[in-house]
Amino acid sequence: MTITTKHESEAVSQELQGRIQEPGAGESFPSPGRKRIGISKVRRLVLLGIILLFMLQFLKVKALVGGLSGSVAVFSLRFIDVFAYLESLLSSRSFTITAFLAALPIAGIYLIFGRAFCGWACPMDFLFGLINRVRPPKMKGRPSSSKIGYGIAVAFLAGSFLIGIPLFTNYLSHITNFFRFITGGVFYALDLPFEPSTLFFSSGVLVFLLVLELVSPRLWCRVVCPIGKTYGLFNRVSLLRLTFAKSTCMECSLCDRRCYMQVRIAKHINRPSLRDTNCIYCGRCVEGCETKGRIVKMTLWRQR
Amino acid sequence: MLFSRRDILRILLFAAVDLTLPFSPLHDRPLYAAKEEFTGPLPNIDIGGFIRPPGALPEKDFRARCISCGVCVNVCHTMKYDAISIAGIREIRNFGTPSIKDMRDFPCALCMECPRHCPSGALQKIEKENVRMGMALIDLSLCFGWNGDVCLSCSKACPLGGKVFDFYNGEWGNQPYINESCVGCGLCVKYCPLGGSAIKVVTREQYKRVRNTYVLEFKELLEMPHEERYTIIYGRNLPQIMEKGRFIEREYR
């Protein structure tokens, strides 16, 4: 996913270096006929693709069974979301090798890609994206304190330990409720045993999140979601990060304005890289930059 | 006028009933009105909790491990058994967890696919014989085999067959008894030809609680003198059985 992005952005920036001149006074960007970076398109396709892959299980094709909290791929590869694993580990107060081996590959993937889960796999990003088309998000002012999210995550973990139930994953997780909603809908339509109250609850949670998105864009993602916070910590050590090329920044701050996770990009433009815990690698800053990928990049390996 | 308005109305009504009869739920009713919505077997014994999918850890550990990801539900759906369903919001503590609710129409077939797929380890891979989902209890006042008939449907449906079923053949029927090797899959519940089934699957914990009473009743019936048994069967049991009816197509052939 991000590999194509990296190649794409590199290819485009190389093309740009050949084609356009240095920005001078009075030059307007983008000039007509120049290639645009399609990160958002690819990203939305990947998001949709993952959802559709999970939908295949209702056609009795066992490509990806379950949901993004816990799933089984191609018959026997078991996966479990990292935060769900932590909650389950704490609530059961015992270690099983099965669950650990299911969490390991996911942890491995996101140690490489950081918080790209939120931007490239989470179905809520897709839904929020649809809401954003209706009402474009206006990121105003200072970033709201997202540190409270760590407190929320710890509270859920502590609660799971004390009560003995994985609290967030079972009740409030947007991922669980998304897939439960779809499973419930399909089963209800096929007249199979399914509790209608489950469908109501899950749709209630989803509607609440969508309304929240209308009111305060990505408040859930930026501040509340403990899954995001966990992967955000992975950002600190992941291979994928934002890097900045030594090039003349026009200080237009378009990158900051396009970022809906309120990551302060322009401030760090003179540093080699940025590993913000809120960055979900959606690519809007890369696209939004006036130089279109020359300055702000998402990089997976060592910068050249 | 050839037909009065009343005649036309009658004709239309009959036409409507005739045309919709193949699609109505009344179509396949047997001779006596078999009502599956009656109180089920053993109304005095509660299920006692949730019948979890096979291979489940003990209830407290299961609840702690289960992340309600829905893999078991979907695997069961892919296998076309559709036995596992998700608990609703009314069960607050168990919301989202899987259980086998409708034993009458969608029992567990013991395909053992769900433990193989459970990513959180709430369902463990075990042998079919070691599954302890629950315990099937025959309602001795409703079972055909205990009230003058010879049925055998439940034992034929049982995947463990002879290991689980003991027959106390007597003058009042073949009198089946389910011993403690029962895994609780519920196939016997589905194939019992009595309307609403004469078998109920309860949790293992609940079985421990009711075992003494149940075994006592069983022993009493076996040792009962002829006249007393006759009175019970013809006086109390058979009217109930007649009301519930017999579904021939349910019998495991």
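**Interface, helices and sheets**

In this predicted model, 43 residues of chain A are in contact with 38 residues of chain B. The size of an interface is often given as the accessible area lost when the parts come together. Here chain A and chain B bury about 3400 Å² between them, and 59% of that area lies on carbon and sulfur atoms. On the chain A side, the residues that lose the most area to chain B are A:K60, A:R78 and A:P193, which together account for 17% of what that side buries.

Next come the helices of chain A. Two packed helices are described by the angle between their axes and the distance between the axes. For helix α9 (residues 174–189) of chain A and helix α10 (residues 196–215) of chain A, the axes come within 8 Å and cross at roughly 135°. Because angles over 145 degrees would be needed for roughly antiparallel, α9(A) is oblique to α10(A). The crossing of these two helices, α9(A) and α10(A), is left-handed. On the α9(A) side the contact is made by A:H174, A:N177, A:F178, A:R180, A:F181, A:G184, A:G185 and A:Y188, and they meet residues of α10(A) including A:P196, A:F201, A:V205 and A:L209. By class, the residues of the contact of α9(A) with α10(A) are nine nonpolar, seven polar and one charged.

Helix α10(A) also packs with helix α6 (residues 123–134) of chain A, at an angle of about 45° and with the axes 10 Å apart. The pair α6(A) and α10(A) is therefore oblique too, but α6(A) passes α10(A) in a right-handed crossing. In α6(A), the contact residues are A:M124, A:L127, A:F128, A:I131 and A:N132; in α10(A), they are A:L206, A:L209, A:L210, A:E213 and A:L214. The contact of α6(A) with α10(A) has eight nonpolar residues, one polar and one charged. A:L206 and A:L209 of α10(A) take part in this contact and are also listed among the residues that α9(A) meets.

The strands remain. Strands of a sheet pair through backbone hydrogen bonds, either parallel or antiparallel. One open sheet of chain A has three strands in the order β1-β2-β3, with antiparallel pairing. Its edge strands are β1 (64–66) and β3 (77–80) of chain A, each of which pairs on one side only. On average, neighbouring strands of this sheet are turned by 25° against each other, direction ignored. Between β1(A) and strand β2 (residues 70–73) of chain A, the antiparallel pairing runs over three bridges. In this region A:V65 stands opposite A:V72 in β2(A).

Another open sheet of chain A also has three strands and antiparallel pairing, in the order β5-β4-β6. Its edges are β5 (273–274) and β6 (296–299) of chain A; each has a single partner strand, so one side of each is left without a neighbour in the sheet. Strand β4 (residues 241–244) of chain A and β6(A) pair in the antiparallel sense over four bridges, and A:L242 stands opposite A:M298 in β6(A).

How values were computed: Residues are numbered from 1 along each chain as its sequence is written. Chains are lettered from A and ligands numbered from 1 in the order in which they are written. This is a predicted model: local features need pLDDT of at least 70, side-chain atom pairs count only at pLDDT 80 or more; totals for chains, interfaces and linings use all residues. Side-chain values use heavy atoms; hydrogens and water are left out. Axes are lines fitted to C-alpha atoms, for helices over the stretch in contact, and angles run from 0 to 180 degrees between N-to-C directions. Angles under 35 degrees count as roughly parallel, over 145 as roughly antiparallel, 65 to 115 as roughly perpendicular and the rest as oblique. A crossing is left-handed if the near helix is turned anticlockwise from the far one by less than a right angle, and right-handed if clockwise. Contact means heavy atoms within 4.5 Å. Ala, Val, Leu, Ile, Met, Phe, Trp, Tyr, Cys and Pro count as nonpolar, Asp, Glu, Lys and Arg as charged, and the others, Gly among them, as polar. Two strands pair if DSSP finds at least two bridges between them. Buried area is the accessible area (1.4 Å probe) that two parts lose on being put together, summed over both.
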